[in-house]
Amino acid sequence: MTRAVALTGLEGTVVDVECHISPGLPAFGIGGLPDAACAQAPDRVRSAAMSAEVPLPPHRIVVNLSPASLPKRGTSFDLGIAVAVLAAGRQIPAELVRGVVHIGELGLDGRVRPVNGVLPAVFAAQRAGARCVVVPAANAGEAALVDGIVVHAVTDLAGLIGAYRAAERTGELPASQARPPVVEAEAPRRIDLSDVTGQHEARAALEVAAAGGHHLLLNGPPGSGKTMLAERLVTVLPPLSRQAALEVASVASLVGGVQPGRELDTTPPFVAPHHSASVAAIVGGGGGAIRPGAISRAHQGVLFLDEAAEFKSSALQALRQPLESGEVEIARARLTVRYPARFQLVMAANPCPCGQGQGKGLQCSCSPTQRRMYAQRLSGPLTDRVDLQVEVPPMTKAGLSAQPGESSADVGYRVAQARGAQAERWFAHGWSINREVPGSALRRPPFRLPASVTSDLDRALDLHVLTLRGYDRALRVAWSVSDLRGRPSPDRDEVGFALAMRRAEGVAA
């Protein structure tokens, strides 16, 4: 018997791989709810064993994946099944493989091929008390990110068999001595906030969004710089903590997004799906295995929806619950999977189908009905969850001749200082940034602001121009503006700025 890992989303369960060989006609069966890919493992294991010059015995072989009631999906069980069969056939010492977790797919020539989900699988093995895992060499880099566990990387089945036979003298399988080299990726084109010309109000909103983790809507005609601004948000965000970076890498591991041999990336992810993306592509799902969607791949980072009004209404409405809860729950008839989805939403939209309907709209060719229907594509319940809603005007000659704006490094320094103030203020309450603070906490002592400071917000709420959700989000934005300015708490000007940033509501108030 040996061990493997069955993944359900990011949650892993260590599985016992049992094998029994008995006299009878040659047969190889697998029990324990394997899917189609896992049920085909006998053919791969038999061919790989022959290529490794340790052919399986011509007897009846039965493998059970326990607990048998848990569905087993994918080809990552191949290596565990092969080791269990070889141990039962006394080709390798059975006492050594008993506590080792094996993860990997076998090729017909005996090579051990990489699989997705190695990082969360190794985390599951660590939580279950395993001391050693065997993984494909191409997955060794991500497996080594987990502390407190010995990682043995293999390239083929013959090498693993030789390692077990050599380890019979020492009593344990050693860690791989040779780690895969760090891959030097081609340096991407460096983008910087100073590339954006003019647009001072939008730049200020972007800085506030970065400081407090607020959601942002940029509305303006084509070519006004909305996409450039959104792409540069991650350049002013602080690096991820190790724990947050591991969460991001775990999600990426499920979709094959962790590059072989790459160091842990602490840059917040930036995910920009195409506007034709389906609901499953945005929130996760699929016909067979339930895969994480764009909102989970953007966990701890930025989800950018360019041409937001062109996305399917069902896909946009599916964002509402994850925006509030920070996770997405995908339910099927026999299975429920949860993925983290604590992302920062940035949307860019045109004012109308032709894109020229801003301001007086003298060049707009759309009818009032077309403009109204286009605006309704971004529903009120969704935009009510967006903290900052900014008009991005078209560029003018005066804007082109203006002095270049601040660099990402300068803005990022202020954002980091503001984040530090927030972490210190909210640490005792279990929050880290203003976006996470419940509105009820901001409306009660000791963080309740004086009535003279919130008078504009209170009036907007009484006139039903502002919802209670909008009221709370405006308070959070005001605290972020205050943190950027180094003040202990917001004043009326900062609350007014937050209200004005809620586009339609601020105008009406």
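1. Basis. The model is predicted, so local features need pLDDT of at least 70 and side-chain atom pairs count only at pLDDT 80 or more, while totals for chains, interfaces and linings use all residues. Residues are numbered from 1 along each chain as its sequence is written, and side-chain values use heavy atoms, with hydrogens and water left out.

2. Helices (H or I, at least four residues) and strands (E, at least two) are DSSP runs, numbered from the N terminus; two strands pair if DSSP finds at least two bridges between them.

3. S10 and S17. Strand S10 (residues 216–219) runs parallel to strand S17 (residues 344–349), and four bridges join them. Leu-218 has Ala-348 of S17 opposite.

4. Val-271. This residue sits in strand S11. Val-271 has a relative accessible area of 9% and is therefore buried (under 20% relative accessible area; exposed is over 50%, partly exposed in between, with a 1.4 Å probe and protein chains only). Beyond neighbours within four places in sequence, its contacts are Ala-294, Arg-297, Ala-298, Val-302, Leu-303 and Phe-304, contact meaning heavy atoms within 4.5 Å. Arg-297 is 26 residues from Val-271 in sequence, with 7.0 Å between the C-alpha atoms.

5. Hairpin. S15 and strand S16 (residues 336–340) are antiparallel over five bridges and form a hairpin with four residues between them. Opposite Val-328 stands Tyr-339 in S16.

6. H3 against H7. Helix H3 (residues 78–88) packs on helix H7 (residues 157–167) at about 50°, the axes being 12 Å apart. This angle makes H3 oblique to H7 (under 35 degrees is roughly parallel, over 145 roughly antiparallel, 65 to 115 roughly perpendicular, the rest oblique). Leu-79, Ala-82, Val-83 and Leu-86 of H3 meet Leu-157, Leu-160 and Ile-161 of H7.

Definitions and conventions. Axes are lines fitted to C-alpha atoms, for helices over the stretch in contact, and angles run from 0 to 180 degrees between N-to-C directions.
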